[in-house]
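Work through each task before reading its solution.

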Amino acid sequence: MTDTPGTGPGLEHGLAEAQRAHWQRTYTANPGMYGEQPSAPAEYAAEVFTAAGARDVLELGAGHGRDALHFARAGFRVMAADFSPTGLRQLRSAAAEQGLADRLSVLNHDVRDPLPLPDASVDGVFAHMLLCMALSTEEIEALVAEVRRVLRPGGTFVYTVRHTGDAHYGAGTGHGDDIWEHGGFAVHFFPRELVDSLAAEGWSLTEVHPFEEGDLPRRLWRVTQETSR
């Protein structure tokens, strides 16, 4: 397993810095906080990637790695990216224990910076609730453009986001741009118009699937889109 350092100047404003520190504390206090079983969106994504003949998969916002490990067990070569060194250390340990270290590399990276990957270098990209973190609309647009750049023609991007129908939308501390902070976690809640605009150039929007997760429950969309061939 390799550990690739991130690039770029790092976090640039107070909210982003506070969120990085909050996630570091959270992963430290709650090792393996999301459990060992993969998320339902990751199980779906693995099926989609398999059907498309994907080999190389990038996960953005991998955390401690329950979904990245699922992709590796499914036979993909996986790069797992996150801005939390603590989460990635937990992932590396779990991969070694499960005999998956040769199929999985980790990347300590903040998605506000360009992805340190070559053009057209991966077949699939997965991001579970990463795009709806404390990112501005401009930062989200730049990230999706980077995802399109690193995907091979016909590559698949599966991501999930909490949307404006979620019970926490409008609750807690507002930071503008549909970003609301509740319980220490800042979330950018997506209107449907944002989903459509992110797939407007160079993409084919395959599916926008509504689902619920957790005890609140959180209300999300699972979005599947493909790059132009």
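Buried means under 20% relative accessible area, exposed means over 50%, and partly exposed lies in between. The model is predicted.

**Exercise 1.** Find out how many aromatic pairs the whole structure holds, then describe the pair of Phe71 and Phe126.

Solution. 
1. The search of the whole structure returns 8 aromatic pairs.
2. For Phe71 and Phe126, the ring centres are 5.3 Å apart and the planes make an angle of 80°. An angle over 60 degrees counts as edge-to-face, and the pair is edge-to-face.
3. Phe71 belongs to helix H3 (residues 66-73) and Phe126 to strand S5 (residues 122-128); with 55 residues separating them, the pair links distant parts of the chain.
4. Phe71 and Phe126 are both buried.

**Exercise 2.** Describe the geometry of the pair of Tyr169 and Trp180, and decide whether Tyr169 is buried, partly exposed or exposed.

Solution. 
1. The pair of Tyr169 and Trp180 is edge-to-face, at 6.5 Å centre to centre and 80° between the planes.
2. Tyr169 lies in the loop between strand S6 (151-162) and strand S7 (173-176), while Trp180 lies in strand S8 (residues 179-182), 11 residues apart.
3. The relative accessible area of Tyr169 is 33%, so Tyr169 is partly exposed.
4. Trp180 is partly exposed because its relative accessibility is 24%.

**Exercise 3.** Which ring does the charged end of Arg222 sit over?

Solution. 
1. The ring is that of Tyr44.
2. The charged end of Arg222 is 3.5 Å from the centre of that ring.

**Exercise 4.** In what sense do strands S10 and S11 pair, and which residue stands opposite Val208?

Solution. 
1. Strand S10 (residues 203-213) and strand S11 (residues 218-227) are antiparallel, paired over 10 bridges.
2. Opposite Val208 stands Val223 of S11.
3. The hairpin has 4 residues between the strands, and Gly214 takes a positive phi near 85° there.

Definitions and conventions:
Residues are numbered from 1 along each chain as its sequence is written. This is a predicted model: local features need pLDDT of at least 70, side-chain atom pairs count only at pLDDT 80 or more; totals for chains, interfaces and linings use all residues. Side-chain values use heavy atoms; hydrogens and water are left out. Two strands pair if DSSP finds at least two bridges between them. Helices (H or I, at least four residues) and strands (E, at least two) are DSSP runs, numbered from the N terminus. Rings of Phe, Tyr and Trp (its six-membered ring) pair if their centres lie within 6.5 Å; planes under 30 degrees apart count as stacked, over 60 as edge-to-face and the rest as tilted. Buried means under 20% relative accessible area, exposed over 50%, partly exposed in between (1.4 Å probe, protein chains only). A charge sits over a ring if NZ of Lys or CZ of Arg is within 6 Å of the ring centre and within 35 degrees of the ring normal.
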